[in-house]
Amino acid sequence: MPVLRALSKVVKQTLLGSPGCSCQPLTVAVRNISFSPRQVTSDASFHSVSFSETDHPKVLITGGLGQLGVGLAKMLRKKFGKNNVILSDIRKPPSSVFHSGPFIYSDILDYKNLREIVVNNRITWLFHYSALLSAVGEANVALARSVNITGLHNILDIAAEHGLRLFVPSTIGAFGPTSPRNPTPDLCVQRPRTIYGVSKVHAELMGEYYHHRYGLDFRCLRYPGIISADSMPGGGTTDYAVQIFHDAIKSGKFECNLRPDTRLPMMYIDDCLRATLEVMEAPVDTLSMRTYNINAMSFTPEELAQELQKQMPELEVTYDVDHVRQAIADSWPMNFDDSNARKEWGWKHDYDLPELIQTMLNYLSSETRVARAN
Ligand SMILES: NC(=O)c1ccc[n+]([C@@H]2O[C@H](COP(=O)([O-])OP(=O)(O)OC[C@H]3O[C@@H](n4cnc5c(N)ncnc54)[C@H](O)[C@@H]3O)[C@@H](O)[C@H]2O)c1
């Protein structure tokens, strides 16, 4: 009996790690018995490339032609070198993007294609941006389930098998009507009501599970609604906060599809991309968690319109509520508590509402001037 108990203790320690160790307990055990997430028979660590070998990470961005990916590639290329950052998507890139650095076709539903790209390019960091966003996902649940859940499984397995550092963005949409909404902390009830939200909670949990089970270096930030000047949003509930600037400059009129008092957390794209790089570079021992809220500001359409009217007093804003988007927004956080990110790895936003408005107007009006001159 004591022998059996001792044996069971050894097995337990092998499977769960020693009591003092909170992460990477299973990497060695799993890989030594040739059992990877996809049951690859070779030693998975064979594929991983350490930083000292390359100086810079070799980066792959999936879903890179959306609102955020091109800006991310630009920032990472500045830091790590143009050829060390590969942008990928299933769409045809505009020529400016195609000529700005390596671009490759990659469908995240094609596991073998993904593996080939990672192996042939000796990828060490993966930013997984492919997704169907909240409003688009509700209009096509089967596709959203496939891209956001099956696609994520492919990414997790590839990342675990090849020793990659993996970033997956989550969202304010990972919370639901039963979550505390003002403010919403990192850890609380998460019962979202959209396929987008459900798939993002799944991504958070699966990433954290792979971290504990296989030692995957998974890092995740819950982004608020992201506002950008040079790229358009891909069908989310916070899109109005980008569209208002374009319509204000173009026609001086904007029709908002959310109620004037709908408060949602928001962030300017430069802050979002910088946070993404900072959490990827954060030393492991500063991260007590693998999924963090980040925030910059919180406003309603009415407050955004009023602040914008200080610069453009002639702007007319009307409201025609889209009930699908409104129901989604009403279940999301109003204010996001990102104190853990601030405390642990030094997150700090640069852009508040007045600064955001000035930056957007400067960018869009200079673009309009250039277009008129041509
Ligand atoms: N933009 C925001 O406000 C925001 C907020 C929170 C979280 N996020 C997250 O950030 C990430 C990037 O967001 P975004 O706004 O750039 O999204 P987007 O919708 O603009 O772009 C997503 C990209 O994924 C690509 N894609 C779709 N199916 C694919 C497939 N099978 N294989 C490969 N690529 C595929 C699309 O072609 C598209 O270019 C997403 O994961 C999103 O959930 C964005």
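Buried means under 20% relative accessible area, exposed over 50%, and partly exposed in between, with a 1.4 Å probe and protein chains only. Helices (H or I, at least four residues) and strands (E, at least two) are DSSP runs, numbered from the N terminus.

This is a predicted model: local features need pLDDT of at least 70, side-chain atom pairs count only at pLDDT 80 or more, and totals for chains, interfaces and linings use all residues. Residues are numbered from 1 along each chain as its sequence is written, and side-chain values use heavy atoms, with hydrogens and water left out.

**Partners of β1**

Two strands pair if DSSP finds at least two bridges between them. β1 runs parallel to strand β2 (residues 85–89), and 3 bridges join them. Here Leu-60 stands opposite Ile-86 in β2. β1 also pairs with strand β4 (residues 125–128), again in the parallel sense, over 4 bridges. Val-59 stands opposite Trp-125 in β4.

β1, α4 and β2 form a right-handed β-α-β unit. Right-handed means that, with the strands pointing away from the viewer, the path from the first strand over the helix to the second runs clockwise.

**Leu-68, between β1 and α4**

The loop between β1 and α4 holds Leu-68. Leu-68 is buried, with a relative accessible area of 13%. Leaving out residues up to four places away in sequence, Leu-68 touches Tyr-129, Tyr-223, Ile-226, Ile-269, Cys-272 and Leu-273. Contact means heavy atoms within 4.5 Å. Leu-68 and Ile-227 are 159 residues apart in sequence, yet 9.6 Å apart in space, C-alpha to C-alpha.

**Pockets**

Rolling a probe the size of a water molecule over the atoms shows where empty space is left. On a 1 Å grid over the protein atoms alone, a cavity is a set of points where a 1.4 Å probe fits but cannot get out, and a pocket is an open set with protein on both sides within 12 Å along at least five of seven lines; lining residues have an atom within 4 Å of a point. Grid points are joined across faces, edges and corners, and a volume is the space filled by probe spheres set on the points.

The second largest pocket holds about 640 Å³. Its lining has 23 residues, and Val-70, Gly-71, Lys-74, Asp-230 and Ile-269 lie nearest its centre. Two or more lining residues come from each of α4 (69–80), α5 (95–98), α11 (269–281) and α15 (353–373). α4 gives the most, with 5 residues. By class, this lining has 11 nonpolar, 6 polar and 6 charged residues. Ala, Val, Leu, Ile, Met, Phe, Trp, Tyr, Cys and Pro count as nonpolar, Asp, Glu, Lys and Arg as charged, and the others, Gly among them, as polar.

The largest pocket has a volume of about 880 Å³. Of its 40 lining residues, Tyr-129, Ser-130, Ala-131, Leu-132 and Leu-133 are closest to its centre. The lining divides into 21 nonpolar, 14 polar and 5 charged residues.

The largest cavity holds about 60 Å³. Its lining includes His-128, Ser-130 and Ala-131. α8 and α9 each supply at least two lining residues.
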